Amino acid sequence: MSDATTLDQADAMIEKAWGRPIDELETLAVRRPVEDPLLRSAMHIRSSLVVSNNAVAVLQDRLHALTRAGHVPAFYDLERITSSAVDLRVAQAESRIALQAISHVIEAREAAVTADRAPSLSLAQAAVARSAHAPRALGQPPDQPAPSAAVRPTVATTGPGR
């Protein structure tokens, strides 16, 4: 998976979660950060992903230049190749972590939306349950509680007669 795809995946996830294009969401995150702090978090993580993505592109270009076909690297190029490869791996890992962090922010947003709906859903269910009961006329006494069951004392039987 290339890192440009990682940025594209992040953009697609964010656009799908908020239902707007990235450019519009960037503007909203800057202008109204208090209204949607999870959007601000996702866009902040996305900006670090953009930096990682650019680092990956630069490091890939450097490695391609150092290891191009027909070119025999000099002894001093081996250190540059090795350090560029390590830096590339780190940048790719940072990109994957940023993508995972964005998915966690989106999951938190979905959980918050679900939690906000839960009380209204239970209130609606309770209203439906109450409406199923027949209304009583004004002045009619409330339903009488059911009579309690008679309680008999228990007789303990002891001895060999039982």
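In this predicted model, the protein chain contains four helices and zero strands. Read from the N terminus, the order of its elements is α-α-α-α.

**Chain-level burial, surface and contacts**
- The protein chain has 162 residues, of which 22% count as buried.
- Among contacts in the protein chain with a separation of 6 or more, 65% are accounted for by residues 24 or more positions apart.

**Helix α3**
- Helix α3 covers residues 37-66.
- The buried residues of α3 are L39, A42, M43, I45, R46, L49, S52, N53, V56, L59, L63 and L66.
- In general, an α-helix has 3.6 residues a turn, so residues three or four places apart point the same way.

**Packing of α2 against α3**
- Helix α2 (residues 22-31) and helix α3 have axes that come within 9 Å and cross at roughly 115 degrees.
- This crossing of α2 and α3 is left-handed.
- On the α2 side, the contact is made by I22, L25, E26, L28 and A29, which meet L39, R40, M43 and R46 of α3.
- Classified by residue type, the contact of α2 with α3 comprises six nonpolar, three charged and no polar residues.
- L39, M43 and R46 of α3 take part in this contact and are also listed as buried.

Definitions and conventions
Residues numbered from 1 in each chain as written. Predicted model: local features only at pLDDT ≥ 70, side-chain atom pairs only at ≥ 80, totals over all residues. Heavy atoms only, no water. Axes fitted to C-alpha atoms, helices over the stretch in contact; angles between N-to-C directions. Helix = DSSP H or I, 4+ residues; strand = E, 2+ residues; numbered from the N terminus. Left-handed = near helix turned anticlockwise from the far one by under 90°. Contact = heavy atoms within 4.5 Å. Nonpolar A, V, L, I, M, F, W, Y, C, P; charged D, E, K, R; others polar. Buried < 20%, exposed > 50% of the residue type's maximum accessible area, 1.4 Å probe, protein only.
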